[in-house]
Amino acid sequence: MSAELAIKTEQLSRVYKVKKREARGREREIVALDRVDLEIPTGELFGLLGPNGAGKTTLIKILTTLLAPSGGRAWVGGVDVARNPWEVRRHINSVSGGESSGYGLLTVEENLWMFTQFYGMDGKTARGRMRELLEIVGLADRARTKIYHLSTGMRQKMNFVRGFLTDPEILFLDEPTLGLDVQTSHRLRAFIKGWVGERADKTVLLTTHYMYEAEELCDRVAIIHDGRILACDTPGNLKKRLQREVVFRLQVTAIAEPEKLFQHLQGVRRFSHAEINGHMELDFILEDENALPPILTAIQASHGELISLEKREPTLEDVFISLVGRGLRDGGRSAGAAEGEP
Amino acid sequence: MRLPSRWEIFWRTVMGRAYPRVVGMQRERSWLLFDTLLPLLQVSAFVFIYRAIQAPPEFTGFVVLGGAMTAYWLNVLWSMASQFYWEKETGNLELYIIAPTSLMAILLGMAIGGMVATTVRAAAVVTVGLFVFGVRVSIVSVPQLLGVFLLTLLALYGLGMLFSSLFLLYGRQASHLSELFQEPVYLLSGFYFPVRALGFIAALGASVIPITLGLDAMRQLLFPTMMAQFRFLDVRIELAALAVLSIVFLWLARRALNYMEDVSRREGRLTVRWQ
Amino acid sequence: MTQQRALESTRSLKMAAWLGWQIASNWASPFLLAVYFIAKPVAGALILVLMYMVIARGGLRHPLFPQIFVGNAFYMYVAMVLMGVSQAIHEDREHYGMLKHIYVAPLNIYTYLLGRGVAQAIVATVGVLIMLLFGIAVLGISMPPGTIDWGMLFIGWLLGLIGLGFQGVLLAGIALITARHAFFIGQGVAGALYMLCGAVFPIDVLPKPLQLLGQALPLTYWLEALRRALLGVGAGALLSSLSDGMILLILAGSMVLSAVASVAFYRWAENRAREKGLIDMQTMY
């Protein structure tokens, strides 16, 4: 199966109905995906960024035939996911962060071998690939360990291996480096990049919460929020959108109600704030530098003290904040928008 | 690169899924106690009930046979019917679904893998029954006996596959559904007494459960004299019926599994946990 | 410190009882739940009924039948409470992944486990009542309210139930150090005890060594107490020489012994589980 487009969606939608009992007497709908159009060519490493509940996992579930769309269509490798799911499955695999699959009493090798049998792989090929991949993720010495003895990070490494073991044409990685240490994450990212880079027929759809991961790995990135794609382009082009704006990072002593303080200031397009090590970090996206003095005045008026000020090049996180209105990390940042901004 | 055929994937899946069952049992052997000694004691209770009410010795044989078959019924309920529910809870079900394999192959692998422990349990009950309780059998026909046993298992596991899709689709906490089916089936299938005691119509209705006919036929082939007054149907009719049930259940299971997958995908239930 | 521990224990019991009920009742439509409550006990009763009808001279008028029926009815507590308490370990560990959090929290694990058995005891009570009503209304078993020894019934029932709870804790200890296929340990043990405690036939019928075993079981005296309270007479000759007071005394003593032995065993199992890292073990296959 080869197709120019590895993944294509056309007005793809997914609506969940919440039962009356759970919705306090009224049946209501949750729109998880709202008319999503995507085209991912074969050979691309494509990133999907979005906050929790944005629709990333729902999209992956539809593309991996776990979930049926409520509207629109999707094709993986040129095959309609709803009409011919078995054919799609022959060419894909999926790895999720925080997976707990497998059987505790079996060893790493045995679990992995079992999964290869579901793809019809012969034993010799499976074992050879397993050895290579376990070496890459640093789990070769634990191949004969029962998985209930593994730590969370080691289980995730095993899951990672499971995804690549069948050598799929299209691989879905849903936060694959979750729970892994820095060194291993770095090694795995290099592996993912190499795997796609060296093979023109391999495609990866990656979701992540780590901006640097998306910037490092992805040929293109889509930002999804509330079930809709807000932007889709190369990381470089996305950052260029903000280049006509100015990005400042200020560190100040704690101030009360920053949203109220900065929301109405002229020239402030977006800002976000986070408490870090006892002080507050404020990131501003401004129309131009003239918007800065009123910000400093406002900080002084609320009895805050400026600790540091830095002008930055826009990052993918800034693009994200400018589009979504808040930071990506859980509990990390809160954000505000100037009046009239989306 | 050549992709494997459906047939190859099917058989490799069966072996792959049977493997954890076979190996798991070797690695944690407490099942030898729970699945052999304890059920033996439970069966013995029914033997002593019959002794207390001075039943003919053949009734001990009826109980022993029924006790042996409970092993298979419980295996079907707990290790097949509820299984996809447990697989969903542990995150394995979604990996099975996205693999290019068949859920029937997965279930068949589970059945074959679980058959070892189940057969050990059944064999323990029969062996103890024969020696400790002094059960005397007069085998009418070994081929017929084997045929009945194998067809009963085939139909039974077909029913188990059918249940696995229904439990997943309709069952929250599938363990309760499995519990719900335990005692009523012990009653209706005549595990501990000849099913004819229920009356012909009730016994006919109960025949949809393969063990009903299987037990009755096996009792006729092992205790022909006593069963002459208690038999339900002729052994040949029961054999034929079991063959039909096997085909019907396996066909229905296939349809139900496909339907289950379709509906679960539409309603987003394949990955919802802790129901 | 004692007050704190007492508060902890009460909190654990209440929370576990609530949790156990949520799990036990949240699985089906009300209709299916009602079917479950009725179908299980009635099917269990009918198995016995049919065995008697097929074989016993006199059928349901056999003199032993009422004793056997009552014993079988109350035996539902045995399976359900033993199951409810012991399965809590497997459920919390392998299904919900919660056992480690329970151990980390300031809970009393013993009252927690007993609390998880409370929901099953409630379900069993409904089943027992349905069975008894079925026996009276349909099978003609005589149990006029005026002849029931309510005091003995209540005390016997309570002592036996508490004893069962602690026996469940012992099984929970075994569950803690075994794999998931021991999920049925509660049911399996209940099935085994079925033979030895005279639930469905007088222990006089057993071979001598098994009779002695039966006489050593608290369950035997529990069922005897309940039969005497409801029917005015027990089952079999072996226990007939014991007075009602003696039966209750033996029951109380065995309850205390069960509690001590179960807690001691559970402690040992817990230490073993900690040494081997089994508290968050996953053994599905």
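A residue is called buried when its relative accessible area is under 20%, exposed when it is over 50%, and partly exposed in between, with a 1.4 Å probe and protein chains only. By this rule A:R249 is partly exposed, with a relative accessible area of 23%.

The model is predicted: local features need pLDDT of at least 70 and side-chain atom pairs count only at pLDDT 80 or more, while totals for chains, interfaces and linings use all residues. Residues are numbered from 1 along each chain as its sequence is written, chains are lettered from A and ligands numbered from 1 in the order in which they are written, and side-chain values use heavy atoms, with hydrogens and water left out.

**Stop 1: chain A as a whole**

Select chain A and display its secondary structure. Chain A has eleven helices and 15 strands; helices (H or I, at least four residues) and strands (E, at least two) are DSSP runs, numbered from the N terminus. The C-alpha trace of chain A spans about 70 × 45 × 45 Å along its principal axes. Of its 342 residues, 55% count as buried.

**Stop 2: the salt bridges around A:D283**

A salt bridge is a side-chain nitrogen of Lys or Arg within 4 Å of a carboxyl oxygen of Asp or Glu. The whole structure holds 29 salt bridges over all chains. Select A:D283 and A:R249, whose side chains meet in a salt bridge at 2.6 Å, N to O. A:D283 belongs to strand β13 (residues 279-286) and A:R249 to strand β11 (residues 246-253) of chain A, so this pair ties together parts that are 34 residues apart in sequence.

Because A:R312 lies in strand β14 (residues 306-312) and A:D283 in strand β13 of chain A, the pair ties together parts that are 29 residues apart in sequence. Is A:D283 buried or exposed? A:D283 counts as buried, at 5% relative accessibility. A:R312 is buried too, with a relative accessible area of 13%.

**Stop 3: A:E289 and A:K311**

Now select A:E289 and A:K311, whose side chains meet in a salt bridge at 2.6 Å, N to O. This pair links distant parts of the chain, 22 residues apart: A:E289 is in the loop between β13 and α10 (292-301), and A:K311 is in strand β14 of chain A. A:E289 is partly exposed, with a relative accessible area of 42%, whereas A:K311 counts as exposed at 52%. To return to the previous stop, select A:R249, A:E281, A:D283 and A:R312, which are joined into one network by salt bridges that share partners.

**Stop 4: helices α2 and α3 of chain B**

Move to chain B and select helix α2 (residues 31-52) and helix α3 (residues 58-81). Their axes come within 9 Å and cross at roughly 160 degrees. That angle makes α2(B) roughly antiparallel to α3(B), a term used for angles over 145 degrees.

Within helix α2 of chain B, select B:L33. B:L33 counts as partly exposed, at 41% relative accessibility.

**Stop 5: a nonpolar surface patch**

Finally, select B:L130, B:F131, B:V132, B:V137, B:I139 and B:V142, which form a nonpolar patch on the surface with about 580 Å² of accessible area together. Patches are made of residues with over 30% relative accessible area and no salt bridge; like charges are joined within 9 Å, and nonpolar side chains (Val, Leu, Ile, Met, Phe, Trp, Tyr) within 5 Å. Accessible areas come from the Shrake-Rupley method with a 1.4 Å probe, and for residues only the protein chains shown count as cover. Which helix gives the most to the nonpolar patch? Helix α6 (residues 103-132) of chain B does, with three residues. B:V132 is found in this helix and is exposed, with a relative accessible area of 60%.

Conventions. Axes fitted to C-alpha atoms, helices over the stretch in contact; angles between N-to-C directions. Parallel < 35°, antiparallel > 145°, perpendicular 65-115°, else oblique.
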